Amino acid sequence: MVAIAAVLALAAPSSAQQVASAASPEPVVVSNLPAPAALSPLLNTDTLAEPNRAPTAFRSRSDRQFLTAAQLLTAAPAPATPAAAEEEPPAAPPPAPPAVIPLPAPPPAPPTHVLPAQGRYTSCFCERWGEWHGGMDLAHASGTPEVAAAAGTVIVAGPAGGFGQWVQVQHDDGTVTVYGHMDTIEVVVGQRVVAGELIATMGAQGNSTGPHLHFEVWPAGDRAQRVDPATWLSAHGVSLPEYTP
Ligand SMILES: [Zn+2]
């Protein structure tokens, strides 16, 4: 019990100790420390006024490091969630540029217009022997292939008066090309043909002195408005054989 009483006596207020004196009934204040008002200039008044406020002013680099470590220790660690890990994936190396592989040149587009038969250009779109010749003649051996000068639809294929036999092909722009004197016909009415497709074989039927193709062009589909087939073919990029009447 004596030891506990001594501890309690030591735990008494230290800034000012009131000691009761037998000689003086009035309490005597004994203090070695300045009054609390004198303490304030030596203390951080901000800290005293706001004890929970974190210190903002650092006096030295070592203080800053210490406080930073303390903050790290007290800070709650951020949860390592998979979503957080996906936010910043490791930077992937840039993809290698694709190897340049030269592509083969595309095949040239087929011509839209072709010469309807190979042969000598023997008669022009002109007056001949006292009468108008409304087409061009291409003369070659009997059986020489005759082809559509352009894509279109066969609208006539069969016997004809002066032509013996003829074929008419109507093209997409309304122009009709006419082929005469053939030996055989290789298409039927309504058949769709492309430029260069076989439509007949060369012959000498009708009013003809020898096997040849008589070729006409009717831009409006009307025989009365025939045009020079040589000019029409040339305008569509077709090279013509030399004119040798
Ligand atoms: Zn002719």
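**Sheets, core and loops of a predicted model**

Trainee: Is histidine 181 buried or exposed?
Mentor: In this predicted model, histidine 181 has 26 other C-beta atoms within 10 Å. The cut-off for burial is 20 or more such atoms. With 26 of them, histidine 181 therefore counts as buried.

Trainee: In which loop is histidine 181 placed, and what is its phi?
Mentor: Histidine 181 lies in the loop between S10 and S11. The residue is not a glycine, yet its phi is positive. The value is about 75°.

Trainee: How many helices and strands does the protein chain have?
Mentor: The protein chain has 245 residues, of which 19% count as buried. Its secondary structure comes to 6 helices and 14 strands.

Trainee: Which strands are the edges of the open sheet of 7 strands?
Mentor: The strand order in this sheet is S3-S6-S14-S10-S9-S8-S12, with antiparallel pairing. An edge strand here pairs on one side only. The two that do so are strand S3 (120-123) and strand S12 (192-193).

Trainee: How many bridges join S8 to strand S9?
Mentor: S8 (residues 152-160) also pairs with S12, in the antiparallel sense over 2 bridges, and glycine 152 stands opposite valine 193 in S12. S8 and S9 (residues 164-171) run antiparallel and form a hairpin with 3 residues between them. Alanine 160 stands opposite glycine 164 in S9, and glycine 158 stands opposite tryptophan 166 in S9. The number of bridges joining S8 to S9 is 8.

Trainee: Which residue in S10 is the bridge partner of valine 167?
Mentor: S9 and S10 run antiparallel and are joined by 5 bridges. Their hairpin has 4 residues between the strands, and glycine 174 in this hairpin takes a positive phi near 95°. In S10, the partner of valine 167 is tyrosine 179.

Trainee: Which residues touch the most other members of the largest nonpolar core?
Mentor: In soluble globular proteins, nonpolar side chains tend to be buried together. The largest nonpolar core here has 29 residues. The elements that give two or more residues to this core are strand S6 (136-139), S9, strand S10 (176-180), strand S13 (198-201), strand S14 (212-218) and helix H6 (229-235). The members that touch the most others are Leu138, Ala148, Val167, Tyr179, Ile199 and Leu213.

Trainee: With which residues is alanine 148 in contact, leaving aside its neighbours within four places in sequence?
Mentor: Alanine 148 is one of the core residues that touch the most other members. With neighbours within four places in sequence left aside, its contacts are Val169, Val193, Val194, Ala195, Gly196, Glu197 and Ile199.

Trainee: What share of contacts between residues at least 6 apart in sequence joins residues at least 24 apart?
Mentor: This share refers to contacts in the protein chain between residues at least 6 apart in sequence. Those that join residues at least 24 apart make up 57%.

Trainee: What distance separates the C-alpha atoms of asparagine 207 and phenylalanine 163?
Mentor: Asparagine 207 is found in the loop between S13 and S14. With 12 other C-beta atoms within 10 Å, asparagine 207 is exposed. Asparagine 207 and phenylalanine 163 are 44 residues apart along the chain. The separation of their C-alpha atoms is 6.4 Å.

Methods: Residues numbered from 1 in each chain as written. Predicted model: local features only at pLDDT ≥ 70, side-chain atom pairs only at ≥ 80, totals over all residues. Pairing = 2+ DSSP bridges. Core = buried A, V, L, I, M, F, W, Y, C linked by C-beta atoms within 7 Å. Contact = placed C-beta atoms within 7 Å.
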